[in-house]
Amino acid sequence: MRSMALLGLLACGLGAGSRAARAQSSANLLGDGIRAYRNLEFDLAARRLRGALAQSPGKDAPADQATGLVYLGAADLFRGRRDSATAVFRRLIMFDPGYQPDRLIFPPEVTGLFDRVRQETKTLAIAVPQETEIAVGDGALSVRLVASSFQTVEVTLLNTDGGPFRQLYAGPIGDSLKVQWDGLDAAGGIPAVDRVLLRVASRTPSGVLVAIRQVPLDLRVFRGDTLAWPPAPTQSQLLPERSSGGPAARALLGGILVSGAVIALPTIVGGSGAPSEPQVAVVGAVGLASLVGCILHRPGRPLEANIRSNETMREEWRQRVASVKAENARRVRQARLAIHAGESTFIRPGGS
Amino acid sequence: MRTLLVLLALAGMAARLVAQKLRPAVGPLVIGVHVRNESPAGTDEFSGTTFGGEGGLSFGRLVLRLDYVQGSVSPVSGGPSARDLIEGRAEIGFRPLRWLTLGGGPHARAYVIDGRSVRWVLWNVRGRAEGNFIGSAVAGYMEGWRAVSADVNVPEPFDHAEGGEAGIVLRLSGAPLQARVAYRIDHSVLGGGSRQETVEGVVVAFSVVRR
């Protein structure tokens with residue numbers, strides 16, 4: 001067991017040593033190549049630089065990669081291999097669209113060819129911070145585009161299924177452009193998805209699609225809970241706004257009852273059963289009051305007091321809803337969005 | 001200890017009574033009276049108008065009512081001479097339900113004929129039911145009473161007496177005023193039915209009420 005652990009440690013040590021040795025060798029070859037170029041030994045320089053670039057894929061030391069390529073292009077040019085130099089410069093521009101050769105080091109023949117290749121090569125680079133946290137609507141994610149030459153770009157956020165999420169920019173770009181996203185979707189709402197694609201399509205000025213770069217963005221929203229809307233007044237809470245038949249019927253029945261009592265009283269107490277003048281007078285008064293009551297309380301009559309009371313209740317509810325809406329809007333504004341940018345991918349139409 | 005409990009109970013009752021609102025009412029009263037007197041000697045009918053006033057006091061479930069009227073009644077078709085009529089009632093009642101009042105009290109009526117008076121003093125028990133039937137503006141009521149004892153200075157012995165009243169109360173919205181229109185009847189039987197007296201009338205009253 002102990003020997004296995006020792007073997008493991010040895011293997012790790014050898015692996016690390018191998019990577020360090022390769023980096024050292026690449027750096028030496030690059031240095032040798034540059035020295036050979038300065039000594040005008042262009043064939044030797046080209047060999048050394050190709051060797052250095054073959055050992056260094058570019059990710060570990062991008063500056064060395066760009067330096068090696070520009071020296072290699074210049075060496076090839078002075079070796080009379082213009083096509084090879086053009087291909088090397090194109091590779092450099094694809095690798096770093098914003099790269100500019102030092103005009104104090106390289107003569108106009110080299111910078112002239114580089115500029116020509118740069119004008120012909122349409123590509124761009126995207127710089128997105130790997131981790132960003134913004135206040136939704138107030139803050140912004142800054143995306144920096146660096147173009148090799150003048151072109152038009154469309155910067156769009158897409159859903160993972162390719163559907164549109166939000167367009168950020170469509171227009172020309174010279175050297176570089178800063179595009180910002182405030183964290184909202186096309187409708188101005190908080191994103192309801194947890195992943196979008198940042199897609200930058202570049203076109204020639206004549207409209208030919210030449211390159212697409214995509215960066216996946218993982219989204220995470222941190223928001224305060226919103227308040228539920230207050231319930232609207234229910235029918236049972238509202239007063240009837242039109243009179244029912246009840247009050248009119250009650251007026252009629254009350255009148256009949258009292259009139260009946262007036263008519264029946266003499267018989268009940270043992271007096272004469274014949275209607276007397278006082279009875280007729282009172283029954284008439286009661287009947288009149290009952291009739292007026294029926295008319296005043298006829299069914300379907302608008303009940304102004306109830307209508308006013310209901311309107312007051314509804315207005316109070318509307319004010320409570322407006323207050324909750326304002327509070328919810330404030331809480332939404334305070335939502336924060338964490339954005340994690342993934343690896344950029346490059347797509348060239350036609351696969352070239 | 002018992003005294004203390006009694007004192008506490010009395011204090012509680014006093015507090016509740018203080019919390020009750022005293023509601024007085026007072027106003028004029030007019031009654032168009034029709035009197036019918038039946039006796040073996042014949043039937044006499046009188047009519048006239050009496051004027052007076054009425055008042056009431058309501059205190060929680062307790063009710064106190066007083067009314068007094070006087071005037072003269074004249075024979076409807078010749079015969080006997082006109083006479084003065086004076087009538088007064090007092091009643092103390094209790095309201096077990098919001099719409100029901102039970103009570104009782106004295107009811108006195110006197111006829112003055114040529115300086116001689118015929119007095120009726122009845123002790124009645126009463127029941128009254130009242131309820132709104134046109135919003136809160138108009139209420140209807142029915143009332144019935146029966147004499148439990150009587151003192152009448154006529155030759156015939158008193159037999160029994162009953163009466164009732166039914167009408168409407170109109171309340172003016174927002175004003176401390178109310179009006180009452182009612183039909184009232186009293187029927188008394190004396191001497192085993194040999195003499196009967198019926199007094200009926202239209203009651204019109206106005207009151208200023210503290211609500």
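User: What pLDDT does chain B average?

Analyst: This is a predicted model: local features need pLDDT of at least 70, side-chain atom pairs count only at pLDDT 80 or more, and totals for chains, interfaces and linings use all residues. Residues are numbered from 1 along each chain as its sequence is written, with chains lettered from A and ligands numbered from 1 in the order in which they are written. pLDDT is the predictor's confidence in each residue, from 0 to 100. In chain B, 91% of the residues score at least 70, and the average is 89.

User: What ipTM does the predictor give the complex?

Analyst: Two scores are given for the complex. The pTM is 0.53. The ipTM is 0.86.

User: Which strands make up the closed barrel of chain B?

Analyst: Strands here are DSSP runs (E, at least two residues), numbered from the N terminus; helices are runs of H or I with at least four residues. Two strands pair if DSSP finds at least two bridges between them. The pairing in the barrel is antiparallel, and the twist averages 20 degrees from one strand to the next. The 10 strands run β1-β2-β3-β4-β5-β6-β7-β8-β9-β10.

User: Over how many bridges do β4(B) and β5(B) pair?

Analyst: β4(B) and β5(B) form a hairpin with two residues between them. R89(B) has H107(B) in β5(B) as its bridge partner. The two strands pair in the antiparallel sense, and the count is 10 bridges.

User: Which residue takes a positive phi in the hairpin of β5(B) and β6(B)?

Analyst: β5(B) and β6(B) run antiparallel, joined by 14 bridges. L100(B) stands opposite A129(B) in β6(B). The hairpin has two residues between the strands, and the phi near 50 degrees belongs to D114(B).

User: Which element gives the largest share of the side of chain B that touches chain A?

Analyst: Two residues are in contact if their C-beta atoms, placed from the backbone, lie within 7 Å. By that count, 23 residues of chain B are in contact with 25 residues of chain A. Elements that give two or more residues to this side of chain B include β1 (22-39) and β10 (195-209). The largest share, six residues, comes from β8(B).

User: How many residues on that side of chain B are nonpolar?

Analyst: Ala, Val, Leu, Ile, Met, Phe, Trp, Tyr, Cys and Pro count as nonpolar, Asp, Glu, Lys and Arg as charged, and the others, Gly among them, as polar. On the side of chain B that touches chain A, 10 residues are polar and two charged. The nonpolar residues number 11.

User: Why does α2(A) count as roughly antiparallel to α3(A)?

Analyst: Axes are lines fitted to C-alpha atoms, for helices over the stretch in contact, and angles run from 0 to 180 degrees between N-to-C directions. Angles under 35 degrees count as roughly parallel, over 145 as roughly antiparallel, 65 to 115 as roughly perpendicular and the rest as oblique. The axes of α2 (residues 42-55) and α3 (residues 62-78) of chain A come within 9 Å and cross at roughly 150 degrees. That angle is why α2(A) is roughly antiparallel to α3(A).

User: At roughly how many degrees do the axes of α3(A) and α4 (residues 82-95) of chain A cross?

Analyst: These axes come within 7 Å. Among the residues that meet are L69(A) and L72(A) in α3(A), and V88(A) and F89(A) in α4(A). The contact divides into 10 nonpolar, three polar and three charged residues. The crossing angle is roughly 165 degrees.
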